[in-house]
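These are my notebook entries on one protein model.

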Amino acid sequence: MDIPLEFDPKSEQPLYRQLYDSVRAGILDGRFNAGLRLPASRALARSVGVSRITVTECYERLIAEGYLEARRGSGTFVRARLPELSPFALRKPDAPLDRELGDLSPRLSRYGTAVNVSLHRPTPPDTLRLDRHGPDVSQFPRTVWAKLLARRLQGSDRSLLNYAQDFRGSPNLRNQLALYLAQARAVICDPDQILIVSGSQQAIYLAARILLNEGDQVAMESPGYYFAGWTFSSQGATIVPIPVDKYGIKVAELTKQKDVRMVYVTPSHQFPTGASLTLSRRKALLAWARKNNAFILEDDYDSEFRYRERPLPALQGITPDGPVIYTGSFSKMLFPSLRLGYIVLPKPLFTAFRTAKLLNDMHSSLFHEQVLADFLAGGHLESHLRRMRTIYDRRRTLLIRILRDHFGKKVSISGDEAGMYLLARFQSSLSEEQAWDRAYKAGLRLERLYWPGGVSEEKQGYIRFVFAYAALSEKELQLVGRRLAVAFLS
C-alpha cells in the first residue's frame, strides 16, 4: 500500500507525528477503507525512509485511539468502526470556522446581551500598567509556599484531589480565617458564617444573583468600582449613585432614596478616592440598613495596607448580627492566580449563598485551600504583609515625589494613606479622553474613574486618574514620571 507522505525537515513536528497525521487523515477521508491491511512496520519504514520505531509508535497510537486494530499473525488493519469524532474532525486546518457554520445570530438572554461586550484592548509589551491593581508577585515567599504545597501533596490525604465534601470551603481554612479576621479586621464571626469563594468578584456576583431582582435598586459609591457596577447592571438592577466626599459615602444622601435593596461600599479605603468612612457615618449606614430591610455589601479589598495608622476595623464588627455581607480576597495580599476569597455572611443568608456557589462552580480548589490554611497557621501571612507594607510605602512615597517633581502645583494627590494605589488630580486643558490617549501612546495605561449613572463630578480644567503602583519597580516608577510628563506637558 502506498502512503503518500512528505516529511518537512524544518517542521517542529517530529517524524512520528507527521506519519500519524498522514495515516489518520487517510482513514478519515476514506482513502484507507475499513478492513484495509496496512504494510508491516518494517516495510513501511523502508518505503517512506523513517525508522521502524517511528512507524511502530504511529501504529500503537492509532490502535490505542481506535483507528487501527492488530490481529495476531495477520497484521494491522483499519477498523470497521471508528471512534466517535467531533463534527469538526474532518475540517481542514485552514478552513475558516465561521464559513462552515454560516451566519449565526444567537438569541441571547438579557444577561447575555449585557455581557456581550469585549473588554480587550491590545497593550504593547513595553506599556507600564497603572490600571492593574495587583501585588508585586516577585516578592511572594515562593520557597515557603512550595514547601507547604509539597507537604500536602506528599501527605496521605488523597481527598485533596477529589471533590470537596464541604462546599462551604475547607473547615481548616475557615477556622484560620475566623481567627485572622478577628485579630486583623475586628470581624466577629464563627467559621460557619464563612464561605470560601474564588475572589471578591465572585462574592459580588453571588450577592447580586441572590439579593437583586430585575429592576431592584442597588446603591453605589460615586465614583466607585466599575466591575461591581457592571455586575449589578448585568443582573438588571438599577444603580443609584451616592456621592462620596473625604469622609466616605454620604449616608444622608442615601437615606433620601426609597426602595434600595442593597448598598455596595468600600468603607475602609473607598475606591477610588481613598476616603475612610467615619464612625458616625458607619453607624448611620447600619441604622439605615436595619430600618429599610436592606443589606450592606462591604468590600474590604486592600485594607491590610495602611501607612500612617493601624488598619480601620471592618464595618461588620460594629454590629456582628447586622445586615452586613463582608467580603475580602487574597489576590492582593498574596497573588492573583490563587483565586481564593471569602464572604462572611449573616446566618439567614448562608444556605442560599452556599447553594449558589455550588451551582456556579461547585467549590474552590480544596488543595490550595489547605495550603493557604497552613500558610496562615504558620504565621507566614502576617510576616509577608509586614514586609510588603514597607515595600509599597517606599514606592508610594517615590511616586508622589516623582509626580510632584514633574508637575509641581499642577498635581494633587489623595487616597495614598492606604492601599496599593493613589488618585492623582491634574490641572489640564486636556479632556480625560485626550489625556488617556496621550498617555497610552507614551507607553502608559492609566485608569479612569467610573461614575455610576455616567455623570462625572469632575470640574472643568481638571482630570483625575488612578495610579496602581504596587507591582511597579522603583525604576519603572521613574519611567512613569518621564512618560507622563511627555504625554501631559508636551
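With which residues is Phe 488 in contact, leaving aside its neighbours within four places in sequence? I noted that this is a predicted model, in which local features need pLDDT of at least 70, side-chain atom pairs count only at pLDDT 80 or more, and totals for chains, interfaces and linings use all residues. Residues are numbered from 1 along each chain as its sequence is written, and side-chain values use heavy atoms, with hydrogens and water left out.

**Entry 1: cores.** For Phe 488 I found contacts with Phe 407, Phe 426, Leu 430, Ala 435, Ala 439, Leu 446, Ile 463 and Phe 465; contact means heavy atoms within 4.5 Å. I then looked up the largest nonpolar core, which has 70 residues. A nonpolar core is a set of buried Ala, Val, Leu, Ile, Met, Phe, Trp, Tyr and Cys residues joined through side-chain atoms within 4.5 Å. Buried means under 20% relative accessible area, exposed over 50% and partly exposed in between (1.4 Å probe, protein chains only). Phe 488 is among the residues with the most contacts inside this core, as are Phe 330 and Leu 334. Helix H14 (residues 380-407) gives the most to this core, namely 11 residues. Another core, of 27 residues, lies apart from it and includes Met 262, Leu 297, Ile 325 and Leu 349.

**Entry 2: strand E10.** Helices (H or I, at least four residues) and strands (E, at least two) are DSSP runs, numbered from the N terminus. In E10 (residues 295-299), five of five residues are buried. Phe 295, Leu 297 and Asp 299 point one way, Ile 296 and Glu 298 the other. E10 runs parallel to strand E9 (residues 260-265), joined by four bridges; two strands pair if DSSP finds at least two bridges between them. Tyr 264 stands opposite Leu 297.

**Entry 3: open sheet.** I read the strand order as E1-E3-E2, with antiparallel pairing. E1 (37-38) and E2 (68-71) stand at the edges with a single partner strand each, so one side of each is left without a neighbour in the sheet. Four bridges link E2 and E3 (residues 75-78), and Ala 70 has Thr 76 as its bridge partner in E3.

**Entry 4: H13 and H14.** The axes of H13 (residues 366-377) and H14 come within 5 Å and cross at roughly 75°. Axes are lines fitted to C-alpha atoms, for helices over the stretch in contact, with angles from 0 to 180 degrees between N-to-C directions. I recorded that Asp 374, Phe 375 and Leu 376 in H13 meet His 380, Leu 381 and Glu 382 in H14.
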